[in-house]
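Here is a short briefing on one structure, grouped by topic. It begins with a pair of residues and then turns to the fold and the surface.

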Amino acid sequence: SSSSPQPDKVRQAVVAPTMTSRVLLRQQLMREQTQEQERKEQQAAAQLMQERASANQSRAIAVNGPLGLPAKAQVPMEILKVQTHLENPTKYHIQQSQR
């Protein structure tokens, strides 16, 4: 009867460190995965910033010759007129529509 408690104690002693080390290994793995994910996100953000910077630089176009204003286009007055019908016009709107 004295020999049966000893194997149980030995088994518990072996199981406890194994469980502890499994938990620690799992925590370490999760930490490493989180750090790897953060590193990837930082790299992606840095690459995006670099792409934006290079896109901004490539937008510049060298223009030779005089920089003048473009000629004004002739637009008929019918196109420029806009008619609106307000549900609750103010005095200002009424006066403007009468003019």
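**Salt bridge and surface briefing**

Helix α1 (residues 5-58) holds both Glu-36 and Arg-39, which sit three residues apart, about one turn of the helix. The model is predicted. Glu-36 and Arg-39 form a salt bridge in it, and their closest N and O atoms are 2.3 Å apart.

**The Glu-36 and Arg-39 pair**
- One salt bridge turns up when the whole structure is searched.
- The 2.3 Å between the closest N and O atoms of Glu-36 and Arg-39 falls within the 4 Å cut-off for a salt bridge.
- Glu-36 counts as partly exposed because its relative accessibility is 31%, and partly exposed covers the range between under 20% (buried) and over 50% (exposed).
- Arg-39 is likewise partly exposed, at a relative accessible area of 36%.

**Overall fold**
- The protein chain has three helices and zero strands.
- Read from the N terminus, its elements follow the order α-α-α.

**Exposure of the chain**
- Of the 99 residues in the protein chain, 0% are buried.

**Nonpolar patch**
- Val-75, Met-77, Ile-79 and Leu-80 make a nonpolar surface patch of about 410 Å².
- Ile-79, one of these patch residues, belongs to helix α2 (residues 77-80).
- Ile-79 counts as exposed because its relative accessibility is 59%, where the cut-off for exposed is over 50%.

Notes
Residues numbered from 1 in each chain as written. Predicted model: local features only at pLDDT ≥ 70, side-chain atom pairs only at ≥ 80, totals over all residues. Heavy atoms only, no water. Helix = DSSP H or I, 4+ residues; strand = E, 2+ residues; numbered from the N terminus. Buried < 20%, exposed > 50% of the residue type's maximum accessible area, 1.4 Å probe, protein only. Salt bridge = Lys/Arg side-chain N within 4 Å of Asp/Glu carboxyl O. Patch = residues over 30% accessible without salt bridge, like charges linked within 9 Å, V, L, I, M, F, W, Y side chains within 5 Å. Areas by Shrake-Rupley, 256 points an atom, 1.4 Å probe, with all protein chains shown as cover.
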